[in-house]
Amino acid sequence: MGWPPLRITADTNILVRAAVADNRYQASQAMELLRDAEIVVLTLPTLREFVWVLARGYRRPAADIASAVRRLAAPAAVRVDRPAVEAGLAMLEAGGDFADGIIALEGRRLGGTVFASFDRKAVELVAAAGGETHLVGPAAD
């Protein structure tokens, strides 16, 4: 079968089907599309959703999720903000949220020198990675 040469922006559902393979037909279609595309763009919102779906919906451990993200981002045809993905993966593998790592990096790139949050764990992990942080008041219950 095969696809004509495509330059795609992959939606979260394509990534999930390829990674989880819980629907054989859709998984096959997703993997074929990702493999055959001339360019595959993985946006940061898509990857944040992907991580969230695997963690919350499929209850996958952080190490498995990190491995899946790395496999998706590895092919030469993939276009992704690699520094942001690595920042997210570093946070995920340290026990935090993938999104917080991306937020901290993007904030620094845009001129925000201090990562501020009510989330004590996120603040501690960003600080441990060398970022300047500010914990805002006690976390609300």
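Here follow some questions and answers on this predicted model.

Reader: What makes up the secondary structure of the protein?

Author: Seven helices and five strands. From the N terminus on, the elements run β-α-α-β-α-α-β-α-α-β-α-β. The C-alpha trace spans about 55 × 30 × 20 Å along its principal axes.

Reader: How do you know that β2 and β3 pair?

Author: Two strands pair if there are at least two bridges between them. Strand β2 (residues 39–41) and β3 have two bridges, so they meet that cut-off. Their sense is parallel. V41 has R79 in β3 as its bridge partner.

Reader: Why are β1 and β3 called edge strands?

Author: The open sheet has the order β1-β2-β3, with parallel pairing. β1 (7–9) and β3 (78–79) each pair on one side only. That is what puts them at the edges.

Reader: How do you know that β4 pairs with β5?

Author: Four bridges join β4 to strand β5 (residues 132–135). The cut-off is at least two, so the strands count as paired. They run parallel. V114 has E132 in β5 as its bridge partner, and S117 stands opposite L135.

Reader: What makes the lining of the largest pocket nonpolar or charged?

Author: The count by residue type does. The lining has 12 nonpolar residues, two charged and no polar. There are 14 lining residues, and A18, L34, R71, L72 and P75 lie nearest the centre. Ala, Leu and Pro count as nonpolar and Arg as charged, so R71 is one of the charged residues. The elements giving two or more residues to the lining are α1 (12–20), α2 (24–36) and α4 (62–73). The pocket's volume is about 260 Å³.

Reader: What share of the contacts between residues at least 6 apart in sequence joins residues at least 24 apart?

Author: The share is 52%. A contact here means heavy atoms within 4.5 Å.

Notes
Residues numbered from 1 in each chain as written. Predicted model: local features only at pLDDT ≥ 70, side-chain atom pairs only at ≥ 80, totals over all residues. Heavy atoms only, no water. 1 Å grid on protein atoms, 1.4 Å probe; cavity = no way out; pocket = protein on both sides within 12 Å on 5 of 7 lines; lining within 4 Å. Points joined across faces, edges and corners; volume = space filled by probe spheres on them.
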